[in-house]
Amino acid sequence: MGLIMGAIYGLVVGGLARIVYPGDQNMGLWRTMFLGLGGGFVAGLLGRLVGWYPPGQGAGIIASVLGAMLIIWLFRKKDSTTTM
């Protein structure tokens, strides 16, 4: 059941990040799910490094969306530098 809830969480977070972030993110359902899961991981990691979250506590949905938006920004930045 935890795997299914993680997949749903990833879809929700990834979908929200794609809605909020301007521009077109050409990705399907699987990439959206992994974007959301990656956003939660990044937000939790950065939050623990700063001291906002104790070890073992996950990031909230807002922080996860911001983490997913950071991932989208990083991939767009990488794409814009390699196409010159």
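How many aromatic pairs does a search of the whole structure find? The search finds one aromatic pair, and the model in which it occurs is predicted.

**The aromatic pair**
- A pair of aromatic rings is described by the distance of the centres and the angle of the planes.
- Trp30 and Phe34 form the pair, which is stacked, with 6.4 Å centre to centre and 25° between the planes.
- The two residues are about one helical turn apart because they lie four residues from each other in helix H2 (residues 29–50).
- Both Trp30 and Phe34 are exposed.

**Helix H2**
- The 22 residues of H2 should span 32 Å at 1.5 Å a residue, and this agrees with the 32 Å between its end C-alpha atoms.
- Buried residues of H2 include Thr32, Met33, Leu35 and Ala43, and several glycines are also buried, among them Gly36, Gly40 and Gly47.
- Gly51 follows H2 and has a positive phi, near 105°.

**The largest pocket**
- Rolling a probe the size of a water molecule over the atoms shows where empty space is left.
- The largest pocket holds about 290 Å³ of space.
- Its lining includes Asp24, Met27, Arg31, Phe34, Leu35, Ile71, Phe75 and Asp79.
- H2 and helix H3 (61–82) each supply at least two residues of the lining, and H3 gives the most, with five residues.
- By class, six lining residues are nonpolar, two are polar and four are charged.

Conventions: Residues are numbered from 1 along each chain as its sequence is written. This is a predicted model: local features need pLDDT of at least 70, side-chain atom pairs count only at pLDDT 80 or more; totals for chains, interfaces and linings use all residues. Side-chain values use heavy atoms; hydrogens and water are left out. Rings of Phe, Tyr and Trp (its six-membered ring) pair if their centres lie within 6.5 Å; planes under 30 degrees apart count as stacked, over 60 as edge-to-face and the rest as tilted. Buried means under 20% relative accessible area, exposed over 50%, partly exposed in between (1.4 Å probe, protein chains only). On a 1 Å grid over the protein atoms alone, a cavity is a set of points where a 1.4 Å probe fits but cannot get out, and a pocket is an open set with protein on both sides within 12 Å along at least five of seven lines; lining residues have an atom within 4 Å of a point. Grid points are joined across faces, edges and corners, and a volume is the space filled by probe spheres set on the points. Ala, Val, Leu, Ile, Met, Phe, Trp, Tyr, Cys and Pro count as nonpolar, Asp, Glu, Lys and Arg as charged, and the others, Gly among them, as polar. The expected span of a helix is 1.5 Å times one less than its number of residues.
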